[in-house]
Amino acid sequence: MSQQPVRFDTKIAVLLREDLESWQRLNVTAFLVSGLGTQVPEAIGEPYEDADGVPYLPMFRQPVLVFEGTKETLAAAHTRALDRALPRAVFTSDLFGTGNDRDNRAAVRAVATAGLDVVGLAVYGPRNAVDKVLKGARMHP
């Protein structure tokens with residue numbers, strides 16, 4: 001007896017600027033999804049445990065879809081995420097020059113919303129709303 005696949009009415013998505021180096025893509029993705037995990041408890045599943053009873057931390061209950069786009073695509077997606085008031089995390093180019101959380105927050109705080117050089121954005125919400133935010137982006141290869 002096979003189980004039906006689970007279809008989620010929400011979506012977790014990360015949008016990365018297409019000109020990032022591989023290490024930057026991985027680093028930005030990790031930072032961004034950690035932000036969503038702290039503020040969207042319904043996106044987190046139950047803790048894991050192996051057959052020997054060793055516990056593991058809970059993770060997202062659904063896949064994280066990763067997209068890429070141009071600088072303009074990121075700017076537009078950022079604006080649409082704000083307009084829709086979706087839970088979001090942002091990573092700006094300035095954060096590549098900092099080395100800790102305090103300096104990261106200060107770097108973002110120092111720039112007006114419209115001036116942020118967004119290189120990564122994570123959003124969570126209803127599938128159709130997230131799809132509209134991601135308009136113009138393509139799945140990461």
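In helix 2 of this predicted model, the residues Thr73, Leu74, Ala77, His78, Arg80 and Ala81 are buried (under 20% relative accessible area, with a 1.4 Å probe and protein chains only). Helices (H or I, at least four residues) and strands (E, at least two) are DSSP runs numbered from the N terminus. Local features need pLDDT of at least 70 and side-chain atom pairs pLDDT 80 or more, whereas totals for chains, interfaces and linings use all residues. Residues are numbered from 1 along each chain as its sequence is written, and side-chain values use heavy atoms, without hydrogens and water.

The cover over the buried residues of helix 2 includes strand 1, strand 4, strand 5, strand 6 and helix 4 (127–133). Threonine 73, within helix 2 (residues 71–83), has a relative accessible area of 12% and is therefore buried. Its side chain forms a polar contact with that of threonine 70 at 2.9 Å (a pair of N or O atoms within 3.5 Å, one able to donate a hydrogen and the other to accept it; residues adjacent in sequence count only if both atoms are side-chain atoms). Leaving aside residues up to four places away in sequence, threonine 73 touches Leu15, Lys135, Gly136 and Ala137 (heavy atoms within 4.5 Å).

Five strands form an open sheet of mixed pairing in the order 5-6-1-4-7, where pairing requires at least two DSSP bridges between two strands. Strand 5 (88–92) and strand 7 (138–139) stand at the edges with a single partner strand each, so one side of each has no neighbour in the sheet. Strand 4 (residues 64–69) and strand 7 run antiparallel and are joined by two bridges; glutamate 68 has arginine 138 of strand 7 as its bridge partner.

How values were computed: Buried means under 20% relative accessible area, exposed over 50%, partly exposed in between (1.4 Å probe, protein chains only).
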